[in-house]
Amino acid sequence: MTVTNRRIPRLSNHRLPQQHFQHQAAAGPGGGGGAGGGGAGAGIGNNLGGVGDGQFSFGTPFPKHVPFPNVDHSSELVNEFLIFGFTIIASATQFLHLYRTVWWLPNSYTRQAVNFYLIDWDLAIFIYVMASRRLLYCCILKLIDLNCPEAYADICKRIAKYVFLACVLISFVGCGIQIFQKNSYLYLFCLSYPFVLYLTIFGFNLEQFLRTIVDTEVNCINGMPVHSCSSNAISVRSEVEALKSDFNNRFKQIIFTSVLNAYYSGFVPCVLVPKHLYYDIFWVTQHLGFIFIGGFTMCVAYCFPVRYCDVFHRAALHLGTWNRVTHRTHHPPPYAWSKSTIFPYGAYVRHLGEIYRASGFCTSAVPANNSHIRFFVIFKNPALIYMVLFGIQIVLVVVQLLILMASREWHNLISIGFLLLANYFTLFKIARDYLIAKRIYAGESTADKFKTN
């Protein structure tokens, strides 16, 4: 991080007296450097032409953001196709675990590798419709963008959304009725439980059901938030709140998508098996866990690309953070914290009876605000996020390789081989983002250490 040369804090219209630069204690109750900060901070704010709650302006240097390289990112259509393929093949391999045969034995009663007559095809259609809904809807939106005039695009998309939802709902109801006639109502409840979960998380927002990323904030362009370097502390905090909201929405979408895909492709086929069917519980449970983890990392790689986290990193540098001064050592008289002031590095403020020291390049955060502290700690160095994801993906791949080496049955080799193939692609994307983030933010970390020393 490159920062302009730091100068002594000054006001836009008035200059501090020389004794304030020397951090001499101001008159007031407890005028010492530690405990007497309250009167000093108030005195400084008033003598400097502050307005209202002690507002004043510092000559605060702002961070200069490192130019970010142009990194290729999967489009929405490609991502939905990958998730659809992953879910469908994962479901097919789970059916393979359940309905496999011993067709290679000389006295086997069948020459087919799978007992297709035992599969509930209404359930298979239900899973297919659930897994393909976003891919089909994305294709519809692309066709509208290519063929519909711009003046009628929004109306056409709105009509297409409700027509497509009606078709999906009719398919679900039809398959559900067929499954209910062959089974009890408990199986129907098992199929409809994720819809109750969706209403609990997202409410009646239908767009979240049809798309992975939805532009919920006004400062998003094509699903990517935009950072604005502001010299107003209130604007910085507003931007942080908007980014937090977008991040939480994406994370909820990641959890819901990964759980939903694992539920329908890995768990529901095991619940609706015939009662007389025997299957290996260990392998189907293991397959279910791998579907969830693999789908989770795949969604994270798409929803949180490195360019997306760079926007959060830039906002975190403008937000800064405060460290509470616990020891009553000698320090400059603290200023009265103001919600509209951006404080420079090393500034002392008093807020709610406590003294805090700014430890960011520039600090706009509210002292002792846990939400601001978490935001700064997480996104100060986004390379750590990708390092954790890279570690999880490496462990997942290594475990699957060990299981593949120990497997002897053909259906186990097929399922583990497919999962490995999908996880290799996700590993490549996460490793690329980690190496890019590590290289970019290494210079900022070095500058930060130099400034701190």
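The accessible surface of the protein comes to about 23,000 Å², using the Shrake-Rupley method with a 1.4 Å probe. Carbon and sulfur atoms hold 64% of that surface. The model is predicted: local features need pLDDT of at least 70, side-chain atom pairs count only at pLDDT 80 or more, and totals for chains, interfaces and linings use all residues. Residues are numbered from 1 along each chain as its sequence is written, and side-chain values use heavy atoms, with hydrogens and water left out.

**Confidence**
- The mean pLDDT (the predictor's confidence in each residue, from 0 to 100) is 80 for the protein.
- A value of 70 or more is reached by 82% of the residues.
- Helix α12 (residues 383-406) has the highest confidence, at a mean of 94.
- Helix α1 (residues 18-21) has the lowest, at a mean of 32.
- Over residues 1-56, pLDDT stays under 50.

**Fold and packing**
- The protein has 13 helices and 10 strands; these are DSSP runs, with helices (H or I) of at least four residues and strands (E) of at least two, numbered from the N terminus.
- Of the 453 residues, 49% are buried, meaning under 20% relative accessible area (1.4 Å probe, protein chains only).
- Among contacts (heavy atoms within 4.5 Å) with a separation of 6 or more, 79% join residues 24 or more positions apart.

**Transmembrane regions**
- An unreviewed UniProt entry places the feature "transmembrane region" at several spans, including residues 254-275 and 410-431; such annotations may be inferred rather than shown by experiment.
- Residues 254-275 are 82% helix and 0% strand, with end C-alpha atoms 34 Å apart.
- Residues 410-431 are 100% helix and 0% strand, and their end C-alpha atoms lie 31 Å apart.

Terms used. Buried < 20%, exposed > 50% of the residue type's maximum accessible area, 1.4 Å probe, protein only.
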